[in-house]
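Here is a friendly walk through the model shown below. It is meant to be read with the structure open beside the text.

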Amino acid sequence: VEKNFLTKYEGREPLQAVGWEGFWGFLVLSTLLVPMYWIPGTATGGRLENALDAFVQIGNSYVVMAAILGNIVSIGFFNFFGVTVTRTISATTRMVLDSVRTLVIWIFSLMIGWEKFQYMQAIGFPFLVLGMFIYNGSIKIPGLAYPEPEKEETDVKAESWTAESGGGYEENRGRNITLEDVLKSQVGFQLFSKYCKENNSGENIGFWAAIQDYRSITDEERRLRKAQNVMNNYISSHAIHQVNLPAKLRRRIEEQMEVNDADATLYDEAQACIYGLMKRDVFPRFKASPSFDELLDILEQMEGYEHKQIGNQSGITTSVTLRVG
């Protein structure tokens, strides 16, 4: 559900999603505590929930107050990082991390003596994890029907610029435009680069463009100098514009550079990682911004078919045809 929400309302920040979740959770539960106070139960004073007594306990014990505040902060961070993982990677990855978190807490509790080992817990935990994998479709059982994953549009079609069923023109125009389409257009690249730099993602588009330039170099000496320049600016631990790459991949690149092995494919995997990061993170926000509307307005001013230039920061260009009307 959370993944579908983030996909539907692309461009929403994880912190914003968590904030609204907390706001509505606080509002609903605060409202429910009022009738719960008057319903007979097992809480203090024979109530189902005694919120007044809870406030008295908090006021009389700094330990209780610290525990509650710590719990609030902990849950806030947990939800924020959880939503971030769901948005940038997948809901399945978050599910696996949740399972590992439960396992780590259980092992830690056994080590410090908070819990006693029960063999049924050791048997039940794998079944719990297996059930979550089956529910998320990571493990598919023969004979059960599973919905087909939605296929992403990769081509710019005329439908991208016109209204589709279920919505108006302004709502739907440009909805099928992909990051690849934007980067192929010179004006698209320029507007997207500007947006990235204004939204703390300038190192990603800068690295992507630098690798486009690097890949085009055929002279080995020039390519080695360019590779070192990319290494110093984007890869190394002291890089001014360091990009977020897996540690294993970063180390492999460093090892190749230590022996001056700067082949044309040196940064291909790293560029693919950063491209995927931009596609999942900054590009949805770009499409929800006025900058994307500006791009569509510029393209729609062109008549019918227009020859565009595929460009990057290196100045390399290739003529392609892009339909905008």
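## A proline, a core and its helices

P284 is buried, with a relative accessibility of 10%. This proline sits in helix α14. Its C-alpha atom lies 9.2 Å from that of L179, although P284 and L179 are 105 residues apart in sequence. Please keep in mind throughout that this is a predicted model.

**The chain as a whole**

The chain has 325 residues, and 30% of them count as buried. Its secondary structure comprises 15 helices and 3 strands. If you take the contacts between residues at least 6 apart in sequence, 54% of them join residues at least 24 apart.

**The largest nonpolar core**

Which residues touch the most other members of the largest nonpolar core? They are F192, F207, I235, I253 and Y267, out of the 40 residues in this core. At least two core residues come from each of α8 (179-184), α9 (186-198), α10 (202-215), α11 (220-235), α12 (247-258), α13 (268-280), α14 (282-287) and α15 (290-300). The largest share belongs to α10, which supplies 7 residues.

Apart from neighbours within four places in sequence, F192 is in contact with L179, V182, L183, I205, M278, V282, F283 and F286.

**How the helices pack**

| Helix pair | Angle | Axes |
|---|---|---|
| α10 and α11 | about 170 degrees | 11 Å apart |
| α10 and α13 | roughly 145 degrees | within 10 Å |
| α12 and α13 | about 150 degrees | 10 Å apart |

Let us start with α10 and α11, which pack at an angle of about 170 degrees. That angle makes α10 roughly antiparallel to α11. On the α10 side the contact is made by E203, G206, F207, A210, I211, D213 and Y214, and on the α11 side by R223, K226, A227, V230, Y234 and I235. Sorted by class, the contact of α10 with α11 has 8 nonpolar, 1 polar and 4 charged residues. F207 of α10 and I235 of α11 both take part in this contact, and both are among the residues that touch the most other members of the core.

Next come α10 and α13, whose crossing is left-handed. Here N204, I205, F207, W208, I211, Q212 and R215 of α10 meet D268, A270, Q271, I274, Y275, L277 and M278 of α13. This contact of α10 with α13 has 9 nonpolar, 3 polar and 2 charged residues.

What is the relative direction of α12 and α13? They are roughly antiparallel to each other, as their angle of about 150 degrees is over the 145 degrees that this term requires. The crossing of α12 past α13 is left-handed. L249, R252 and I253 of α12 meet E269, A270 and C273 of α13. By class, the residues of the contact of α12 with α13 are 4 nonpolar, no polar and 2 charged.

**Two asparagines with positive phi**

Most residues other than glycine have a negative phi. N200 has a positive phi, near 60 degrees, and lies in the loop between α9 and α10. Its relative accessible area is 72%, so N200 is exposed. N260 also has a positive phi, about 55 degrees, and is found in the loop between α12 and α13. At a relative accessible area of 52%, N260 is exposed.

**A stop at α4**

Finally, turn to V64, which is found in helix α4 (residues 62-88). Is V64 buried, partly exposed or exposed? It counts as partly exposed, at 32% relative accessibility. Beyond its neighbours within four places in sequence, V64 is in contact with Q57 and I58. The C-alpha atoms of V64 and A54 are separated by 9.9 Å, with the two residues 10 apart along the chain.

Methods: Residues are numbered from 1 along each chain as its sequence is written. This is a predicted model: local features need pLDDT of at least 70, side-chain atom pairs count only at pLDDT 80 or more; totals for chains, interfaces and linings use all residues. Side-chain values use heavy atoms; hydrogens and water are left out. A nonpolar core is a set of buried Ala, Val, Leu, Ile, Met, Phe, Trp, Tyr and Cys residues joined through side-chain atoms within 4.5 Å. Buried means under 20% relative accessible area, exposed over 50%, partly exposed in between (1.4 Å probe, protein chains only). Helices (H or I, at least four residues) and strands (E, at least two) are DSSP runs, numbered from the N terminus. Contact means heavy atoms within 4.5 Å. Axes are lines fitted to C-alpha atoms, for helices over the stretch in contact, and angles run from 0 to 180 degrees between N-to-C directions. Angles under 35 degrees count as roughly parallel, over 145 as roughly antiparallel, 65 to 115 as roughly perpendicular and the rest as oblique. Ala, Val, Leu, Ile, Met, Phe, Trp, Tyr, Cys and Pro count as nonpolar, Asp, Glu, Lys and Arg as charged, and the others, Gly among them, as polar. A crossing is left-handed if the near helix is turned anticlockwise from the far one by less than a right angle, and right-handed if clockwise.
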